[in-house]
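Please look through the following protein model with this briefing beside it.

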Amino acid sequence: MLLAAPTGDDLWMMRRYIVALACFTVNLAIGLQYAFSVFVIPLQEAYGWSRSEIALGLTISISVLNVTGLFLGYYIDAYGPRKLGLIGVFLLGSGFTLMVFQRTLIEYYVFYGLLVGLGSGILYMSNIAAITRSGFRKIGSALGFVIAGFGLSAGFFGPLISYVIDVYGLKQAFTMLGLIGFSLALPVLAFPNTSERYKVDYVGSLLKIFRDRRIHRLWFLMALTSSIGFAISSFLKPYAKEFLANEMLATLPITFFALGNSLGRFVSGALSDIFNAEKVLVFTVIYHSLNAIALMILPPVFPYVIFVSTFIAGLGHGSLFTIFPKLTTEVFGTSRISQVYGAILSSSVLGSLLGSFVSNVVYDIIGTYIPAIMALSTIQIFVILTVATRLRKQYS
């Protein structure tokens with residue numbers, strides 16, 4: 001019996017799955033920002049920089065990544081995610097390749113902070129646009145699957161980069177990452193290239209974004225709630241080494257954080273398709289904050305609890321990056337998603353500053369991360385209980 005020829009619906013479904021797999025692959029590569037802590041000690045030894053100086057590079061990179069959608073989302077929507085995605089591939093690959101030749105902090109901030117951050121930001125927002133334009137009925141689950149690649153990245157690249165640095169050296173690790181960056185051109189070619197016509201010009205669209213109070217509220221919440229995850233990811237390996245003598249054991253928490261980060265993005269997306277998204281957000285922030293406090297208190301007494309706690313930290317942090325784009329689609333729809341969600345995602349600049357940079361400054365001054373994490377956790381619980389539970393009224 002002959003097999004029936006695929007229908008138009010079958011081909012469209014296959015096309016959507018191919019786009020989703022391509023987006024997942026790209027996110028798997030650019031998400032290695034969360035493996036940043038493997039670079040901290042090697043950069044200290046190679047260049048003599050302080051932890052706060054090194055962490056500033058991550059802050060710049062994350063900041064550039066997260067403001068890209070605000071300032072370039074207009075063009076991603078206007079010209080399509082494929083064309084802009086290929087530009088992102090070039091910038092990402094170039095940034096990592098140039099890090100082989102860096103000598104000064106300024107070069108480090110330009111190559112890693114600016115180029116890698118900008119390339120990653122364009123690719124990340126192109127992913128969001130590609131998925132929301134592919135016709136998925138359960139958009140939360142689709143976003144969760146794709147963004148899970150970003151969270152899983154550190155679990156794959158953390159041990160790999162650490163091994164390459166230990167065996168071959170720091171420059172060889174940057175060379176490898178440069179090649180990986182350029183290779184992303186292949187999955188990006190699978191992105192849809194559909195474009196949208198804006199009713200206002202670039203400046204007018206920005207002014208419209210800046211005046212929207214709904215965006216202001218989501219911006220503030222995302223800035224605050226993302227800070228703890230950025231802090232933990234920036235000092236995870238050096239912090240683990242204080243309690244775990246073995247080098248490989250001290251790297252494993254990065255893997256646990258990544259697994260939680262990836263799983264949280266997918267699970268929260270699925271839950272947001274079933275339950276009230278604001279309720280998922282409130283629950284996530286509460287357990288994420290309480291776990292951060294436990295991560296500071298328990299390891300000196302029970303060192304191996306760090307594996308469980310870092311998994312939960314990744315779970316909470318990753319969930320935020322699916323819940324917020326889902327909230328964005330619920331409030332604003334999928335039109336102009338690159339610019340609207342890009343504006344909200346830009347709040348992570350403040351989140352990274354409060355988290356990774358400030359916590360490492362505190363460490364350089366007093367030799368512990370505890371005061372910074374305790375303060376961030378307490379503030380978050382208070383804010384989410386008093387503000388986030390009223391989100392739906394604000395958007396009605």
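A residue is called buried when its relative accessible area is under 20%, exposed when that value is over 50%, and partly exposed in between, with a 1.4 Å probe and protein chains only. By this rule Asp212, with a relative accessible area of 16%, is buried. The model is predicted, and for that reason local features need pLDDT of at least 70 and side-chain atom pairs count only at pLDDT 80 or more, whereas totals for chains, interfaces and linings use all residues. Residues are numbered from 1 along each chain as its sequence is written, and side-chain values use heavy atoms, with hydrogens and water left out.

**Salt bridges**

- Side chains of opposite charge can pair when their charged atoms come close.
- The structure holds three salt bridges, a term that here means a side-chain nitrogen of Lys or Arg within 4 Å of a carboxyl oxygen of Asp or Glu.
- One of them joins the side chains of Arg214 and Asp212, at 2.9 Å from N to O; Arg214 is partly exposed, because its relative accessibility is 29%.
- Another salt bridge links Asp273 with Lys326, whose closest N and O atoms are 3.1 Å apart. Asp273 belongs to helix 11 and Lys326 to helix 13 (residues 305-332), so this pair ties together parts that are 53 residues apart in sequence. Helices (H or I, at least four residues) and strands (E, at least two) are DSSP runs, numbered from the N terminus.
- Glu330 and Lys326 are separated by about one helical turn, because they are four residues apart in helix 13, and Glu330 counts as partly exposed at 39% relative accessibility. Through shared partners, salt bridges join Asp273, Lys326 and Glu330 into one network.

**Aromatic pairs**

- Rings of Phe, Tyr and Trp (its six-membered ring) pair if their centres lie within 6.5 Å; planes under 30 degrees apart count as stacked, over 60 as edge-to-face and the rest as tilted.
- A search of the whole structure finds 21 aromatic pairs. Among them are Tyr108 and Tyr112, whose ring centres are 6.0 Å apart and whose planes meet at 5 degrees, so the pair is stacked.
- Tyr108 and Tyr112 are four residues apart in helix 5 (residues 105-132) and therefore separated by about one helical turn. Tyr108 is buried at 1% relative accessibility, and Tyr112 is buried at 2%.
- Phe235 and Tyr369 also form a stacked pair, with 3.8 Å from centre to centre and 20 degrees between the planes. Because Phe235 lies in helix 10 (residues 213-241) and Tyr369 in the loop between helix 15 (348-366) and helix 16 (370-386), the pair ties together parts that are 134 residues apart in sequence.
- Phe235 is buried at 1% relative accessibility, and Tyr369 is buried with a relative accessible area of 2%.
- One aromatic cluster is formed by Tyr47, Trp49, Phe96, Tyr108, Tyr109 and Tyr112.

- Asn360, a residue of helix 15, is buried at 3% relative accessibility. Asn360 and Leu56 are 304 residues apart in sequence, yet their C-alpha atoms are 9.2 Å apart in space.

**The largest pocket**

- A pocket is found on a 1 Å grid over the protein atoms alone, as an open set of points where a 1.4 Å probe fits, with protein on both sides within 12 Å along at least five of seven lines; lining residues have an atom within 4 Å of a point.
- The largest pocket holds about 230 Å³ of space, where the volume is the space filled by probe spheres set on grid points joined across faces, edges and corners.
- Eleven residues line the largest pocket, and Tyr17, Phe136, Arg137, Lys138 and Ala142 lie nearest its centre.
- Helix 1 (8-30) and helix 6 (139-167) each supply at least two residues of this lining, and the largest share, five residues, comes from helix 1.
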